[in-house]
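Please look over the sequence and the structure shown here. A short report on the model comes after them.

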Amino acid sequence: QVTVIESGGGMVQTGDSLRLSCQVSGGALSSFAMGWFRQAPGKERTFVGGIGRSGVTTAYADSVQGRFTVSRDDAKNTVYLQMNSLNPEDTAVYYCAADRSFSTRYVARGLSPYNYWGQGTQVTVSS
């Protein structure tokens with residue numbers, strides 16, 4: 001049974017940084033492409049960023065490009081989302097998800113390819 005657990009959320013101020021972690025257990029992280037998504041109150045869950053199985057390929061939503069960075073440490077079975085220059089529009093519940101992808105480079109931006117999801121971690125950015 002594969003489980004995904006996010007951590008590192010919290011309340012910060014505009015301009016601050018925060019790093020989220022995502023621990024995968026029950027399977028080798030190298031088997032998965034990983035994605036980060038977020039959902040604000042009353043809004044749909046949307047893609048934030050992701051990283052391919054090999055770690056070579058990353059993809060980001062336009063709204064976070066240049067501010068957020070996704071990385072992975074397969075030895076620790078952990079994926080990270082480094083978030084810089086946070087603003088109130090980044091306030092949301094952040095979810096980590098695992099895609100058992102055959103491709104070593106592809107990063108899916110939709111929700112459906114992801115097989116396993118965490119419970120989410122709240123990030124609140126005050127002005």
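## The model

This is a predicted model, in which local features need pLDDT of at least 70 and side-chain atom pairs count only at pLDDT 80 or more, while totals for chains, interfaces and linings use all residues. Residues are numbered from 1 along each chain as its sequence is written, and side-chain values use heavy atoms, with hydrogens and water left out.

Some terms come first. Strands (E, at least two residues) and helices (H or I, at least four) are DSSP runs, numbered from the N terminus. Two strands pair if DSSP finds at least two bridges between them. Buried means under 20% relative accessible area, exposed means over 50%, and partly exposed lies in between (1.4 Å probe, protein chains only).

Strands of a sheet pair through backbone hydrogen bonds, either parallel or antiparallel. Here, 4 strands make an open sheet in the order E1-E3-E8-E7, and their pairing is antiparallel. E1 and E7 (68-73) stand at the edges with a single partner strand each, so one side of each has no neighbour in the sheet. From one strand to the next, the twist averages 15° (axes are lines fitted to C-alpha atoms, for helices over the stretch in contact, and angles run from 0 to 180 degrees between N-to-C directions).

The pairs can be followed across the sheet. E1 (residues 3-7) meets E3 over 5 antiparallel bridges. Ile 5 has Gln 23 in E3 as its bridge partner. E3 then pairs with E8 (residues 78-83) over 6 bridges, again in the antiparallel sense. Cys 22 stands opposite Val 79 in E8. E7 and E8 are also antiparallel, with 6 bridges. There, Phe 68 stands opposite Met 83 in E8.

E9 has several partners. E4 and E9 run antiparallel, joined by 7 bridges. Gly 35 has Ala 97 in E9 as its bridge partner. E9 and E11 (residues 121-126) run antiparallel with 3 bridges. Tyr 94 stands opposite Thr 121 in E11. E9 and E10 (residues 116-117) are joined by 2 bridges and run antiparallel. Ala 98 stands opposite Tyr 116 in E10.

## One disulfide

A disulfide is a covalent bond between the sulfur atoms of two cysteines. The search counts a pair of cysteine sulfur atoms within 2.5 Å. Across the whole structure it finds 1 disulfide. Which residues does the disulfide join? Cys 22 is bonded to Cys 96, with an S to S distance of 2.0 Å.

The pair links distant parts of the chain, 74 residues apart: Cys 22 is in strand E3 (residues 18-25) and Cys 96 is in strand E9 (residues 92-99). Both Cys 22 and Cys 96 are buried. The torsion about their S-S bond is about -80°, so the disulfide is left-handed.

## The largest pocket

A pocket is found on a 1 Å grid over the protein atoms alone, as an open set of points with protein on both sides within 12 Å along at least five of seven lines; lining residues have an atom within 4 Å of a point. Grid points are joined across faces, edges and corners, and a volume is the space filled by probe spheres set on the points.

The largest pocket holds about 170 Å³ of space. It is lined by 15 residues, and the closest to its centre are Arg 38, Ala 40, Lys 43, Thr 46 and Glu 89. Strands E4 (33-39) and E5 (46-51) each give two or more residues to the lining. The largest share, 3 residues, comes from E5.

The lining divides into 6 nonpolar, 4 polar and 5 charged residues. Ala, Val, Leu, Ile, Met, Phe, Trp, Tyr, Cys and Pro count as nonpolar, Asp, Glu, Lys and Arg as charged, and the others, Gly among them, as polar.

## Two loop residues with positive phi

Most residues other than glycine have a negative phi, and most peptide bonds are trans. Asn 77 has a positive phi, near 55°. Asn 77 is found in the loop between E7 and E8. With a relative accessible area of 18%, Asn 77 is buried.

Ser 85 is not a glycine either, yet its phi is positive, about 50°. Ser 85 is found in the loop between E8 and E9. Its relative accessibility is 44%, so Ser 85 counts as partly exposed.

Key: 1 Å grid on protein atoms, 1.4 Å probe; cavity = no way out; pocket = protein on both sides within 12 Å on 5 of 7 lines; lining within 4 Å.
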